[in-house]
Amino acid sequence: MKMDDMPGMGDHSGHDMGAPPRSAVVLPEGEALRDLPRLANEAATPGQFKARLTAGPATVRFAEGLDTPILGYNGMSPGPLIEAVEGDRVEITFANRIPDEASTIHWHGMPVPADQDGNPMDPVETGIDRSYSFELPEGSAGSYWYHPHPHGRTAEQVYRGLAGVFLVKPGTDPIPAAYGDTVLVFTDLRLAADGTLPDNTMTDLMNGRVGDHVLVNGQRNPALTVPFGTKRRFRLYNATNARFLRLSFDGAPMTIIGTDGGLLEAPVAADDILLSPAERLEVIVSFEKPGPATLYTLDYDRGWMGAGRPADAGLTLLTVHVSQTPAEPVPPLPDRLRPIARLGAPSISRRFVFTETMAMNANGMEMGFLINGAAFDMGRVDIVAKQGEVELWEIVNEADMDHPFHVHGTQFQVVEHERDGKVSKAPYLAWKDTVNVTRGETVRLLLRQDRPGPRMYHCHILEHEQLGMMGIVDVRA
Ligand code: C2O
Ligand code: CU
Ligand code: CU
């Protein structure tokens, strides 16, 4: 594919081949962490969630005297937090007010019918309202999110601000309420000196867009004060287009309790965690001694093409001030969180090989991000699967960088990773919808699609998805 023919490239020309311009804008730090505003439920009947989400232009003041035009859901970025309960019937009216652009809302990770899932085949044109409705099955509690998925425009609409959290809570939660439930959404901002969001460069298209500032709930290094001896539950969301976040809590031990699709069977202690784009983790952090405790990034080599690999180690994302006042005693974390049924023996196995092609010729740079040798085609069904059947998917990364693999409509179970002929079992049984596949690695996972219809699978570096690293599995009854 030639650069100028690429979807979403518009009529820009003269793409800069080098490092993206780094902004000198300094964002204020240390403001109190804000809770994400909640989307109010307009339904009068219990068991129903009804609301309206409007996507459109908005303005944010990231730094004093600097107004940034963005896209927001209901005027904000991240979008309002949606919280519903297992068993709820959800109806959300989506109003697309983005000038001149189609959009959709995709319910990332959620078990919704294919025709309600905001697929690129179902665009909502500008000025149009459409309603998405679905039911949240029992057992579906988890940390989901929502974002646009229009053909060729997903990456830009997300980095311009469109993404929000969708929490599904269980009827009864095994995690003590005293731990709270704090959502931390990581987004990645690149800001020009005039406050605008620069377009993607060639480097961004190759590596995925990595910005200058990692924000937490839209804030740069916000602060939180907690009494010592307290335990807090955090839901960590990587809502960036392409930034890999290897995270650690300095001064406070961390325990993983959940993944994309909800709680684990049992807690797992962790020194540091890797959140690739689109992944989520639930952790419990114990603030055992007074003083500062910071959530910060460690180096992670995700493979980088060309110049300008951004420094990703040593960024402080959140500062927790642990006060001298001791906390009220809190109940301990239970040893067992919930049972997870292992998906049974697969009836078929499939292989997906991820490759990149890069060539300089008379037409300029030609670049392809491919699955099994093909770039995405909206008119083509890549594979046909049977509803309700367990399949083994083998994701093979033969490319030069990590690609986080994601599939719509279901949650899967990672079985094993193979690197240099060495197989290692998944560290714990978990429901996931996104898994990082490092370069040279093969990941094997089990999945079952319980609802019919076309589903997308793709790399969740959104620029790669946009440039072709996506396919369609048609699930048939
Ligand atoms: Cu986050 Cu195709 O999705
Ligand atoms: Cu998705
Ligand atoms: Cu990728």
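This is a predicted model: local features need pLDDT of at least 70, side-chain atom pairs count only at pLDDT 80 or more; totals for chains, interfaces and linings use all residues.
Residues are numbered from 1 along each chain as its sequence is written, while chains are lettered from A and ligands numbered from 1 in the order in which they are written.

**Confidence**

Start with pLDDT, the predictor's confidence in each residue, from 0 to 100. The protein averages 94, with 95% of its residues at 70 or more. Residues 1-21 are the part to watch: pLDDT there is below 50, yet the stretch has 41 contacts in the model beyond near neighbours in sequence (a contact means C-beta atoms, placed from the backbone, within 7 Å). For the complex, the predictor reports an ipTM of 0.99 and a pTM of 0.95.

Helices (H or I, at least four residues) and strands (E, at least two) are DSSP runs numbered from the N terminus.

| Element | Residues | Mean pLDDT |
|---|---|---|
| Strand β21, lowest | 364-371 | 85 |
| Strand β5, highest | 106-108 | 99 |

**Domains**

The protein splits into domain 1 (31-169), domain 2 (177-326) and domain 3 (348-476), with bounds from an automatic or database domain assignment. Taken over C-alpha atoms, the centres of domains 1 and 2 sit 21 Å apart. Their contact takes 26 residues from domain 1 and 27 residues from domain 2. On the domain 1 side, β2 (66-73), β7 and α1 (154-159) each give two or more residues, and β2 gives the most, with 5 residues. That side divides into 16 nonpolar, 6 polar and 4 charged residues; Ala, Val, Leu, Ile, Met, Phe, Trp, Tyr, Cys and Pro count as nonpolar, Asp, Glu, Lys and Arg as charged, and the others, Gly among them, as polar.

**Around F166**

Strands pair if DSSP finds at least two bridges between them. β8 (residues 164-169) pairs with β3 (residues 82-85) in the parallel sense over 4 bridges, with L167 as the bridge partner of E83. β7 (residues 142-147) runs antiparallel to β8 and is joined to β8 by 5 bridges; there, Y144 stands opposite F166.

Leaving aside neighbours within four places in sequence, F166 is in contact with I82, W107, M110, Y144, W145 and Y146. In the largest nonpolar core, 109 residues in total, F166, L184, F186, Y237 and V283 touch the most other members. Such a core is a set of buried Ala, Val, Leu, Ile, Met, Phe, Trp, Tyr and Cys residues joined through C-beta atoms within 7 Å, where buried means 20 or more other C-beta atoms within 10 Å of a residue's own, exposed 12 or fewer, and partly exposed in between, with C-beta atoms placed from the backbone.

Technical notes
Two residues are in contact if their C-beta atoms, placed from the backbone, lie within 7 Å.
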